[in-house]
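User: Could you take a close look at the ligand site for me and walk me through what surrounds the ligand? Some notes on the backbone elsewhere would be handy too.

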Amino acid sequence: MPGPAAGASVTAQAPAKVNLLLRVGPLRPDGYHDLVTVFQAVSLFEEVTATPAGRWGVSVEAVDGTDVSGVPLDGSNLALRAARALADRAGLDEPVHLHVRKGVPVAGGMAGGSADAAAALVACDALWQLRTGLDGLAALGAELGSDVPFGLHGRTAVGTGRGEHLVPVLTTAGFSWVFVLGTAGLSTPAVYGECDRLRALGGWSDPADDDRLEAVEFAVRSGDPAVLGAALSNDLAEAACSLAPELTRTLRAGQRAGAVAGVVSGSGPTVALLASSAAAAQDLARDLTAVVGAERVRVASGPVPGARVLEAVA
Ligand code: C5P
């Protein structure tokens with residue numbers, strides 16, 4: 001397929017993620033933790049439009065009332081860093097303006113910033129007609145953030161290392177989710193730090209091996225929400241609940257409202273509730289809206305594809 005014409009603007013989207021399993025190993029000398037995780041991409045999206053401009057810049061727009069006040073608009077913005085990294089790699093000096101439409105909670109444990117980076121990479125790759133390929137973009141993305149490669153790949157995948165080494169879990173089964181947003185963002189490093197602190201207090205030692213990964217892979221392939229619900233687990237949940245005690249109450253509210261199961265999404269503070277069907281997810285969302293307000297409730301399904309071009313305008 002020919003790429004967009006030179007001078008075009010290109011829009012790409014990338015999905016949010018939920019971790020069906022998040023097994024956190026000990027702190028590494030480089031400040032990261034080795035993970036064994038199962039990511040699932042869900043149907044909350046970031047859209048990034050890249051337009052040639054006189055200088056590098058970024059703007060942000062809320063979708064569905066997402067609070068975007070915490071998103072940096074300077075050189076630290078992850079979408080902008082991604083675009084500039086791709087330009088550097090290609091030896092290009094062609095500034096773009098990025099317009100980001102945010103449908104993923106900010107600092108919510110759903111990899112919204114990583115999705116911005118993934119969408120920016122795909123949009124700019126198409127704009128500049130680089131044809132870098134998924135592996136090349138993922139290698140570049142991994143330098144920007146541990147979850148960026150998954151934002152590019154999408155679907156369901158086992159992640160190891162920092163979360164950047166991915167192996168797809170092949171399945172045709174879909175699941176219905178309700179996400180309840182926290183009232184304030186949680187910083188990912190703070191949650192990992194709290195996890196280390198709690199582990200040191202409790203004399204934690206890394207379990208040599210466990211069968212949680214196998215159980216989640218089986219559950220994903222089964223397509224049975226009850227089986228997946230029983231297999232969901234997140235080693236960061238205790239730390240996230242320690243820093244944001246409202247999470248425990250939200251998990252209980254989800255249970256009372258009829259969720260099959262609930263889990264903290266990544267480092268939180270979003271809570272992911274698994275529903276037994278798409279109709280049940282709508283019911284669950286309606287009941288939770290009455291408790292926490294519509295602005296904190298999102299319905300989504302997974303898995304969905306990774307970052308892709310939506311539109312190229314000449
Ligand atoms: O890679 P990313 O920028 O998303 O990571 C943010 C922070 O989260 C890291 O600086 C680190 O403190 C923590 N982290 C970690 N282990 C991982 C991924 C992230 O400790 N595997």
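Analyst: First, a word on the element names: helices (H or I, at least four residues) and strands (E, at least two) are DSSP runs, numbered from the N terminus. Keep in mind that this is a predicted model, where local features need pLDDT of at least 70 and side-chain atom pairs count only at pLDDT 80 or more, while totals for chains, interfaces and linings use all residues. Residues are numbered from 1 along each chain as its sequence is written, and side-chain values use heavy atoms, with hydrogens and water left out.

Now the site. Around the ligand you'll find Gly31, Tyr32, His33, Leu35, Gly145, Ser146, Arg162, Thr188, Pro189 and Tyr192 (each has a heavy atom within 4 Å of the ligand). Sorted by class, that shell holds four nonpolar, five polar and one charged residues; here Ala, Val, Leu, Ile, Met, Phe, Trp, Tyr, Cys and Pro count as nonpolar, Asp, Glu, Lys and Arg as charged, and the others, Gly among them, as polar.

Where do these residues come from?

On to the polar contacts (pairs of N or O atoms within 3.5 Å). Histidine 33 places a side-chain N or O atom 2.6 Å from a ligand oxygen. Serine 146 also uses its side chain, with a polar atom 2.5 Å from an oxygen of the ligand. Arginine 162 works through its backbone instead, where a polar atom is 3.2 Å from a ligand nitrogen. Taken alone, the ligand exposes 450 Å², and the protein buries 76% of that (Shrake-Rupley areas with a 1.4 Å probe).

As for the backbone elsewhere, there are two cis peptide bonds to look at. Glycine 268 to proline 269 is cis, with omega near 5 degrees, and proline 269 belongs to the loop between strand 9 (261–264) and strand 10 (271–275). Glycine 302 and proline 303 are also joined by a cis bond, with omega about 0 degrees; proline 303 sits in the loop between strand 11 (297–302) and strand 12 (308–313).

Then there's alanine 111, which has a positive phi of about 65 degrees although it isn't a glycine. You'll find alanine 111 in the loop between strand 4 (96–102) and helix 2 (112–127).

Conventions
A polar contact is a pair of N or O atoms within 3.5 Å; within protein, one must be able to donate a hydrogen and the other to accept it, and residues adjacent in sequence count only if both atoms are side-chain atoms.
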